[in-house]
Amino acid sequence: MRRKISQQLTAWRKSPTRKPLIVQGARQVGKTYSVLRFADEEFDSVIHVDFSAQRSFCDLFEGDITPSALIPQIEALARTPLDPERTLLFLDEIQACPRALTSLKYFYERAPEYHVVAAGSLLGVALGRDEYSFPVGKVDQVSLHPLDFEEYLWALGEERLGNLIIQSCESGSALGLHERALDLYRSYLLVGGMPEAVRAHAAGAMLLEVRRVQRFLVDAYLADMTKYASPLDSSKILNVWRSVPEQLAKENHKFQYATISSSARAHQYEAPINWLHAAGLVSFCYRVREGRTPLPAFAEHDFFKLYLLDTGLLTTLMGVEEADLSPAADKGAAFRGGIAENYVMQQLVAGGIEPFYWGTASKSEVDFIVDLEGRGAVPLEVKSGKNVTARSLEAYRKAYQPAQVIRLSARNFGDEGGIRSVPLYAAFCLGRGSRP
């Protein structure tokens with residue numbers, strides 16, 4: 001399965017200032033697969049150390065963790081020579097061996113010629129524990145997310161369509177295969193970007209079978225919540241996780257503690273929400289009080305929206321079926337707007353963009369505000385169908401006169417009253433070097 005991270009891994013290998021690399025991401029997003037494919041394409045050999053499955057390797061890191069002491073022992077245990085240029089040392093599930101994480105510092109300082117990549121599930125959660133010493137400034141980092149819509153098209157053999165979408169996005173001209181692209185967008189809302197679900201769908205599995213895969217993934221996440229948190233915290237983490245679909249199904253998508261329970265308070269749930277974020281299972285979108293750059297300077301962290309890492313998992317938790325996303329009833333139910341927003345958020349995050357949203361006391365709200373290079377704070381209005389009336393967007397334009405305004409909807413590419421129309425299926429283009 002082709003992934004965009006392969007380009008980042010190749011660039012890391014060629015970098016003259018290369019450091020040991022940490023690949024971060026939630027469970028089951030394809031970290032191990034991507035690194036092993038990279039090793040197969042770029043190296044003569046790989047030493048793949050899985051600390052969860054091979055505890056004997058973890059024992060090596062109990063003593064001297066300098067490269068001069070570790071390398072001969074790793075070679076002996078793996079029965080493979082570790083050539084600095086031709087062998088990749090892959091330290092997988094590194095959260096199971098805290099001192100292996102610390103050793104990356106010494107690989108950088110004393111043996112920078114070696115190619116070392118580390119990855120781990122729940123690494124963000126593990127780093128919050130006292131026994132982990134993160135090698136700040138001594139490692140490179142890259143994040144892996146579920147497949148974005150373009151990668152989804154690649155997996156389905158639709159690369160040519162993806163290229164046409166990019167061309168239309170760059171030129172602003174209408175896409176002739178608009179309805180075909182919308183159909184694939186709707187299928188993505190159901191399948192999502194988790195590699196195992198995409199693989200099943202690409203192989204011809206019906207939605208029922210894809211849903212079994214997704215429910216298995218959800219169960220694995222639920223098991224992590226109970227395994228890696230205290231009983232009291234895990235119950236609150238589960239409550240937050242289960243509330244996110246409900247938060248996005250209501251008309252106002254701002255996170256409200258009362259949706260969890262009438263007695264819920266911010267101080268009770270701040271840590272559980274941060275746990276989910278550290279695990280890579282949710283993304284924050286904070287409100288900004290001003291539609292100006294730099295956006296983080298105007299962020300109000302008491303007001304935020306939470307989105308799930310994958311829209312396919314969201315529609316699974318919501319119990320959404322194909323008929324629920326049919327364009328026949330264009331206005332649809334309130335839940336469609338939340339699904340569309342979650343989808344756009346997923347594409348933005350995968351593209352390396354940090355989104356915010358804008359709102360006022362008068363209830364005006366613009367779904368996303370993003371900093372697109374050289375264009376200032378750009379408002380993104382998201383509409384799940386072709387009905388694009390948006391008073392909040394007009395209020396924002398009047399207040400800040402942005403250089404560009406983008407509306408993501410089921411309409412084709414074009415320009416409507418100074419608003420750039422971008423189809424929902426082209427949201428991934430916003431994270432590219434060539435942007436609309």
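**View 1. Strand β6 and its two faces.** Val282, Phe284, Tyr286 and Val288 point one way from β6, while Ser283, Cys285 and Arg287 point the other way. In a regular strand, side chains alternate between the two faces of the sheet. Seven of the seven residues of β6 (residues 282-288) are buried, so the strand is largely enclosed by the rest of the structure. Here buried means under 20% relative accessible area, taken with a 1.4 Å probe on protein chains only. Strands are DSSP runs of E with at least two residues, and helices are runs of H or I with at least four, numbered from the N terminus.

This is a predicted model: local features need pLDDT of at least 70, side-chain atom pairs count only at pLDDT 80 or more, and totals for chains, interfaces and linings use all residues. Residues are numbered from 1 along each chain as its sequence is written, and side-chain values use heavy atoms, leaving out hydrogens and water.

**View 2. The neighbours of β6.** β6 pairs with β7 (residues 299-308) in the antiparallel sense over seven bridges, and with β8 (residues 356-359) in the parallel sense over three bridges. Pairing takes at least two DSSP bridges between two strands. Look for Tyr286: its bridge partner is Phe304 in β7 and Phe356 in β8.

**View 3. A charge over a ring.** The charged end of Arg287 sits over the ring of Phe303, 3.9 Å from its centre. To count, NZ of Lys or CZ of Arg must be within 6 Å of the ring centre and within 35 degrees of the ring normal. Arg13 likewise lies over the face of Phe43, at 4.1 Å from the ring centre.

How values were computed
Buried < 20%, exposed > 50% of the residue type's maximum accessible area, 1.4 Å probe, protein only.
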